[in-house]
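Have a look at the model below before reading on. The notes that follow walk through a few spots worth checking on screen.

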Amino acid sequence: MIPTDRTPPHVFFSPCKIVLGIGTAERVADEVRQLGGGKALIVTDPGLAEANILKPIEDGLTSIGIPYSVYDGVKPEPPSEVIDHGAALFRAGGCRLVLGVGGGSSLDAAKGISILAGNKGKILDYMGVDRVPQRGAPLVLVPSTAGTGSEVTRVLVFTDERENVKNVVFSRFAIADTAVIDPLLSVGMPPQLTADTGVDALVHAIETYVSMNATVFSDFYAEKAIELIARWLPAACAKGTNLEARTHMSLAATLAGLAFGSGGLGAVHALAYPLGTEYHMAHGRTNAILLPHVMRFNLPGSPGKYARMAALMGKDAKGLSPMAAAGQAVEAVKELLRAVRVSFQIGDYGIPRGDLPRLVQGAMKQARLFVPNPRDLGEEDVRLIYEEAY
Ligand SMILES: [Fe+2]
């Protein structure tokens, strides 16, 4: 609904320019030129550097005479020192612009390096909301997966290696100037990675949709993302070269990013993070495991929206009670997870049941994510959700 009284205003964050389409990686150099050119620091991970994903981008830069160097030291769930080190390379190399290419970790590292290029200190100094004083280096982000949505958000997530916890920086100065989304870059993803990243996008859309911080803007993007992912993720997993499916998944992940970048996340991410930090599981997979269980718990908090979600995912809830209609959303998600061969039981991943108390402790460190969750939850609720998910 649109605010017609003095409730909190509906705020929307987005990059200045989004370019989406097959083959757009070849145009990245032109986008760099439009931002004033100068030497670019490409920020990526070693796997991507080897997989030739950078080639169309590097060829483009070379063809119009834009110098660049490559920092391919990004690790999954990047430790803060990866960002600090990248910023040192940026300065030592005389760079002017940051060009992040890859999955969420590379894009988040690129955001952090861009911030540190214009602000003193280390990335840990800017943890939290709106603590970055000013804009850093111009920033272009090019995702190679269809999931994170990082290319369009003001959030960067990294690991604080001192405490082995995830930390976040929220800043308008982490928003890219330009996001270039080329579905061709995602064609090489194996089915499992396609599923994990695609489900991450679904979790972003679902968590934002039912969030207490949802806005008219985030609802609009979240609904479309949920509908597209339910329709196209199985096809993208079944046939990696299906460009129609890849393009729709790229679009959906970006729409989900636009949604959660303004509307926020919730308890799925909070309960998933400890699986990532304790067992180094892929972020999307950890979200997938918790998704149906947290949804089941959350249903009473937002039955109308869960029912609408079920309809967007193809469920017919006519004649059902409001709670039964909402429950259809959980069934739709389970069917989708089965279709893309993702188990949503913790026990299937070799994690001993005796580790659950440690997971509870880890999730409680993310209690900030419980605030916008549509149902209040305390430590005992968290324990019960993990039990059910086991
Ligand atoms: Fe996520």
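Which strand does isoleucine 18 lie in? Isoleucine 18 belongs to strand E1, residues 17-20.

## Ground rules

This is a predicted model, where local features need pLDDT of at least 70, side-chain atom pairs count only at pLDDT 80 or more, and totals for chains, interfaces and linings use all residues. Residues are numbered from 1 along each chain as its sequence is written, and side-chain values use heavy atoms, with hydrogens and water left out.

Helices (H or I, at least four residues) and strands (E, at least two) are DSSP runs, numbered from the N terminus. Buried means under 20% relative accessible area, exposed means over 50%, and partly exposed is in between (1.4 Å probe, protein chains only).

## A nonpolar patch

Back to isoleucine 18: its relative accessibility is 35%, so it counts as partly exposed. Together with Leu20 and Leu251, Ile18 forms a nonpolar patch on the surface, and the three have about 200 Å² of accessible area together. Those areas come from the Shrake-Rupley method with a 1.4 Å probe, and for residues only the protein chains shown count as cover. To join a patch, a residue needs over 30% relative accessible area and no salt bridge; like charges are joined within 9 Å, and nonpolar side chains (Val, Leu, Ile, Met, Phe, Trp, Tyr) within 5 Å.

## The iron site

Which residues coordinate the iron ion? The donors are Asp200 (OD), His204 (NE2), His269 (NE2) and His283 (NE2), at 2.2 to 2.4 Å. Along the chain, the donors of the iron ion follow the spacing D-x3-H-x64-H-x13-H. Histidine 204 sits in helix H6 (residues 191-209) and histidine 283 in helix H10 (residues 283-298), so this pair ties together parts that are 79 residues apart in sequence. Histidine 204 is buried, at a relative accessible area of 3%, while histidine 283 is partly exposed at 21%.

A donor here is an N, O or S atom within 2.8 Å of the metal (3.2 Å for Na, K and Ca); water is not among the atoms, so sites may look incomplete. The angles among the four donor atoms run from 84 to 164 degrees, and the site of the iron ion is irregular. For the record, four donors count as tetrahedral if all angles lie between 85 and 135 degrees; four count as square planar and six as octahedral if opposite donors are over 155 degrees apart and all others between 65 and 115; anything else is irregular.

## Helix H9

Among the buried residues of H9 are His269, Tyr273, Pro274 and Gly276.

## Salt bridges

A salt bridge is a side-chain nitrogen of Lys or Arg within 4 Å of a carboxyl oxygen of Asp or Glu, and by this rule the count comes to 19. One of them joins lysine 111 to aspartate 108, with the closest N and O atoms 4.0 Å apart. Both residues are buried, and they are three residues apart in helix H5 (residues 104-116), about one helical turn. Another links lysine 315 and glutamate 335 at 2.7 Å, N to O. Lysine 315 lies in the loop between helix H11 (303-312) and helix H12 (322-339), and glutamate 335 lies in helix H12, so the pair ties together parts that are 20 residues apart in sequence.

Then there is glutamate 380 with arginine 383, where the closest N and O atoms are 2.7 Å apart. Both lie in helix H14 (residues 379-389), three residues apart. An α-helix has 3.6 residues a turn, so residues three or four places apart point the same way. Glutamate 380 is partly exposed at a relative accessible area of 45%, as is arginine 383 at 34%. Arg353, Glu380, Arg383 and Glu387 are linked in a network of salt bridges.

## Loops to check

Asparagine 52 has a positive phi of about 70 degrees although it is not a glycine. This residue is in the loop between helix H2 (46-50) and helix H3 (55-63), and asparagine 52 is exposed, at 53% relative accessible area. Glutamate 77 also has a positive phi, about 45 degrees, and is in the loop between strand E3 (68-71) and helix H4 (80-92).
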